[in-house]
Amino acid sequence: MKPKVAFFDFACCEGCQLQVANFGEELLDILEVVDVVNFREVMSENGEDYDIAIIEGSITNQHAVERIKKIREKAKIVIAYGACACTGGINAMKNNFEMPEIMHYVYKDDAKYFDTIPTKAVDQVVKVDYYVHGCPVYPKEFVDVLKCVLQGVEYKVPEKSVCTECKLNENECMFDKGLTCMGPITKAGCNSWCINNGNICFGCRGFVENPAKNAAIEVLKDHGLNPELIIKKINMYNTVLDEKLKKKGEE
Amino acid sequence: MQRYYVLNKNKLINFLSFIQSRSKLAAPVKKGEKSYAFEYITDLEKIALHYLPTILPVKKYFLPQRETLIEFNKKTRKTTHVIEFEELTLFGVHTCDLVGMQCLNAVMVEDPKDINYLERKNKLTVIAFECNSYCDEHATCGIMRTFIPSSGYDILFTEFDTYFLIHIGTTKGSEIVNESRLFDVAQKEHFDELNKLRKRKEEIFKPEINASYDELKKLMERACCTGAWEGIFDKCLSCGTCTNVCPTCYCFDINDDIDLNLLNGCRMRTWDSCQNEGFAKVAGGENFREERKNRQVHRYMRKFKYPVDKYNMYFCTGCGRCSRACVAKISLKETMNLLSERIKL
Ligand code: SF4
Ligand code: SF4
Ligand code: SF4
Ligand code: SF4
Ligand code: SF4
């Protein structure tokens, strides 16, 4: 029996699900080994049975908290899929503001009609078994994760920086082009996707496990970036990870 | 065997075409303002004769960044040893990188021999190219004495105004030169020029570190577990670049990959680095080198102390790649000089 897979959306742009459509031929191979029973919001989470829940998006309100808990109860395996689900992603930038302030900024006088909470990564609400990082996810890594799920083994997110992959690909370093890059403190696993294609790394996969954050700020300053911009660059994908690191430090 | 020849500069293209008729050719090409890389060459015009040490050293041709070691089938339980190799000629290898190859050789021929590495090395022809002046300020090939060609090449090119002086290192090199019919036997005037050049080079390349060659090991031993490293690695991000670009680093990780049908798979080896967080982690989550600073000290010990004990060789070629590529601008030359100031030998 093929395991049944269901996709669920939370706060996100659905770009990661779109990646599935970009898989091309590999998608056919995937569909041979799993049964997709729920894609986008076509069915409700109470509908069909599923073994593997693939969660896209971050948790940003109380309704989502309840919904993800129900999914967790039902699923044997939960996969956080994409930056929003894995690390809160871009949505977590709002956590750097006071809630009333940011709500007013977005919704103006209608703010009172919206139920919103500080953005959470999925694993801040329920247990997550597998992570597919990235904004959007890197297709090959998703397939690698899926293989681990099917074999019932752990998937280890590489404990090294994007630079390690970038160097193996022998790209010209962005710093040598007079640009800056988040590669040195961002976790590998995307095969330095952006740099291979001529872009800097924005850090979408989030910090490496034990980031040298202060050193990175100094290094970026040395390369002429202004401190305010550096903090924004780091916060873009790391707000929740930063919260977690602080908590760990306090313990 | 005739050892010295001359190749007129306008015949270089013919020579390289001749090489291409025998095997694949790889040589340095320009990738960016300060970046070069060894690449397979089809268009000879692309070759950069004068270049800064390439992003990755030539080790990538005999210890590839990623390679398949074994293929297996889960059902039949059959495994097959895989070695991917080809006849390849490297043109333009700097003398510091020759030393890098010698360091790796010392490691790989030891038991258990690395068969994949050795097979690939066997298929390789190395044409070296001597530097007549410093590539840039990061190089420490003066103190490491690697600006002078030692051995490890089939053919060596030394550049003069209108010609290259050629030294033959092996029988294979001799065969190539003879078969190409492009070379003339070197005369006394050429040897005179060579002697002059080598003398001039002794004036240009000076020890870049305030210690003698022999003292470098002692410097490491004295510095090892002391505060002498204070402040030097504060900005290190543990990005792993300094080891990936180093011609003498060879650490790797091994992983299995399997098809989606969970039937056919392969065992892969990929470069790893002692700077990576997970490198010294063991079961239970204990990390032997949790602190970034300690990982850097380890790297220096792996260049200037441990290999001297084991192989009687420094595993630093002075190529400067680690310093050139470090986004935190941590320089090997400056580090060694700071240590020599702080440590009494
Ligand atoms: S381009 Fe970015 S990821 Fe690549 S080596 Fe440079 S800093 Fe690292
Ligand atoms: S290179 Fe950086 S921004 Fe691009 S996919 Fe990888 S982690 Fe994300
Ligand atoms: S290249 Fe520089 S920042 Fe990166 S690990 Fe090496 S010393 Fe540290
Ligand atoms: S330690 Fe640095 S200078 Fe020495 S061989 Fe390695 S990369 Fe080159
Ligand atoms: S380090 Fe020395 S031998 Fe190596 S490329 Fe630079 S000048 Fe040439």
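Helices (H or I, at least four residues) and strands (E, at least two) are taken here as DSSP runs, numbered from the N terminus. The model is predicted, so that local features need pLDDT of at least 70 and side-chain atom pairs count only at pLDDT 80 or more, while totals for chains, interfaces and linings use all residues. Residues are numbered from 1 along each chain as its sequence is written, chains are lettered from A and ligands numbered from 1 in the order in which they are written, and side-chain values use heavy atoms, with hydrogens and water left out.

Most peptide bonds are trans, and most residues other than glycine have a negative phi. In chain B, the loop between helix 2 (95-108) and helix 3 (115-122) holds Pro112(B), and the peptide bond that joins Asp111(B) to this proline is cis, with omega about -5 degrees. In chain A, Pro136(A) lies in the loop that runs between strand 5 (130-132) and helix 6 (139-151), and the bond leading from Cys135(A) to Pro136(A) is likewise cis, its omega being near 5 degrees.

Positive phi values come next. Asn191(A), a residue other than glycine, has a positive phi near 55 degrees, and its place is the loop between helix 7 (162-168) and helix 8 (193-196) of chain A. For Ser238(B), also not a glycine, phi is positive and near 55 degrees; this serine sits in the loop between helix 6 (215-223) and helix 7 (241-244) of chain B.

For accessibility, buried means under 20% relative accessible area, exposed over 50%, and partly exposed in between, with a 1.4 Å probe and protein chains only. Asn191(A) therefore counts as partly exposed, because its relative accessibility is 23%, whereas Ser238(B) is buried, because its relative accessible area is 9%.
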